[in-house]
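Welcome to this short tour. Keep your viewer open and your selection tool ready.

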Amino acid sequence: MERITYFDNAATSFPKPASVAAAMARYLNEVGGPYGRSAYPRAVEVSRTVEKTRDLLAERMGAGDAAKVVFAPNATHAVNLVVQSVLARGGRVLISPLEHNAVTRPLAALAARCGASFDLLPHFGDGRVDPSRIEGMLTSDTVLAVINHQSNVNGVIQPLAQIRQRLGKVPLLVDASQSFGSIPVRVDDWDIDYLAFTGHKALLGPPGIGGLYLRNPAGLEPLVYGGTGSASESFDMPDFVPDRFEAGTPNIAGIYGLHAALQETPDCRHSREDFCQFIENLQRIPGLKVLCADRFENQGDVLSMLQPGRDPADLGRMLFDKFGIETRIGLHCAPLAHQTLGTAPCGSLRIGVSRYHSADDFSFFTDAVKECLRI
């Protein structure tokens with residue numbers, strides 16, 4: 001396989017398995033038809049594929065009831081479904097210090113609209129939440145906690161099972177945008193209340209399809225109202241899942257692509273040791289600061305780097321112009337994370353690794369950085 005110089009997988013993964021585009025093209029060119037609206041053969045095939053995809057997602061996240069997996073355009077939509085319902089009348093939310101704007105912007109809007117508030121959970125220097133100090137943060141008006149399972153800036157993995165235990169009765173919403181597909185997620189075993197995910201990152205699916213797991217849908221209001229193909233005699237949304245939260249025609253082509261990706265997960269071309277060595281080699285480069293977990297066992301497949309006092313865009317531009325290496329520079333839609341890590345306002349150059357990268361790709365990247373810093 002040729003060298004992979006695309007290192008922006010934290011934004012969206014590339015390449016995808018060939019079967020993803022093939023499955024989407026097959027739906028658009030050959031199958032067609034709606035989901036859950038008709039009973040002729042092509043419509044039945046579509047409905048079966050959608051439900052098979054739901055089953056595969058439930059299995060991948062350790063959910064015993066696939067009906068509690070609701071499709072949505074993306075994780076941002078899923079996060080909004082939960083927070084806008086739970087905080088409709090205000091309340092206090094506890095969040096990690098590494099949250100994405102998919103969480104902080106809805107919370108800020110709800111703070112202005114209905115008096116909701118949010119506070120940061122106690123954490124270590126790399127942004128990892130300290131579970132032992134959570135109970136001291138709980139108050140009678142705490143109605144939700146939101147945790148970014150894996151940071152999209154430094155790749156820190158949060159200890160979800162321990163956090164869930166310390167929260168007691170406070171519901172937990174997990175943003176699994178970066179983690180789902182690359183590290184284990186077990187919603188039933190960990191008693192996760194809500195888990196938002198997207199298909200276009202580590203799951204290697206197409207953009208425009210994601211979803212939400214709801215352990216207890218009771219009490220949540222839909223974010224969007226409309227037709228579902230069920231209970232059509234009523235002006236009210238159905239009171240059962242997944243229909244209650246799936247108004248309108250879903251992204252069927254995207255679901256076909258995601259179904260293919262879930263069935264064909266490629267083998268990883270690098271070992272965990274290769275990745276560890278990659279980070280250590282970057283840390284040895286003079287004048288380079290690497291943003292990663294303090295302990296490697298807490299490290300996901302995302303990290304960042306920068307030269308203190310220099311705009312990370314300079315290095316990003318040189319890496320692309322001289323070596324064709326594609327990265328992400330800036331704040332990565334996560335200003336709170338950069339405030340926590342002391343890298344605001346310029347941000348960092350982000351490295352998003354995929355299972356397609358090899359140890360040789362890591363060496364090429366490291367040598368390119370060394371060359372650029374010598375200029």
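A pocket here is an open set of points on a 1 Å grid over the protein atoms alone, where a 1.4 Å probe fits, with protein on both sides within 12 Å along at least five of seven lines; lining residues have an atom within 4 Å of a point. This is a predicted model, where local features need pLDDT of at least 70, side-chain atom pairs count only at pLDDT 80 or more, and totals for chains, interfaces and linings use all residues. Residues are numbered from 1 along each chain as its sequence is written, and side-chain values use heavy atoms, without hydrogens and water.

**Stop one: the largest pocket.** The largest pocket holds about 400 Å³ of space, a volume being the space filled by probe spheres set on the points. Select S182, H270, D301, V353 and R355: of the 23 lining residues, these are the closest to the pocket's centre. The lining has 8 nonpolar, 11 polar and 4 charged residues.

**Stop two: α8 and α10.** Now select residues 312-323, helix α8, and residues 359-374, helix α10, whose axes are 10 Å apart at an angle of about 115°. Axes are lines fitted to C-alpha atoms over the stretch in contact, and angles run from 0 to 180 degrees between N-to-C directions. That angle makes α8 roughly perpendicular to α10 (65 to 115 degrees). Show L315, M318, L319, K322 and F323 of α8 with F364, F365, A368, V369, E371, C372 and L373 of α10, which make the contact (heavy atoms within 4.5 Å). By class, these residues divide into 10 nonpolar, no polar and 2 charged.

Definitions and conventions
Ala, Val, Leu, Ile, Met, Phe, Trp, Tyr, Cys and Pro count as nonpolar, Asp, Glu, Lys and Arg as charged, and the others, Gly among them, as polar. Helices (H or I, at least four residues) and strands (E, at least two) are DSSP runs, numbered from the N terminus. Angles under 35 degrees count as roughly parallel, over 145 as roughly antiparallel, 65 to 115 as roughly perpendicular and the rest as oblique.
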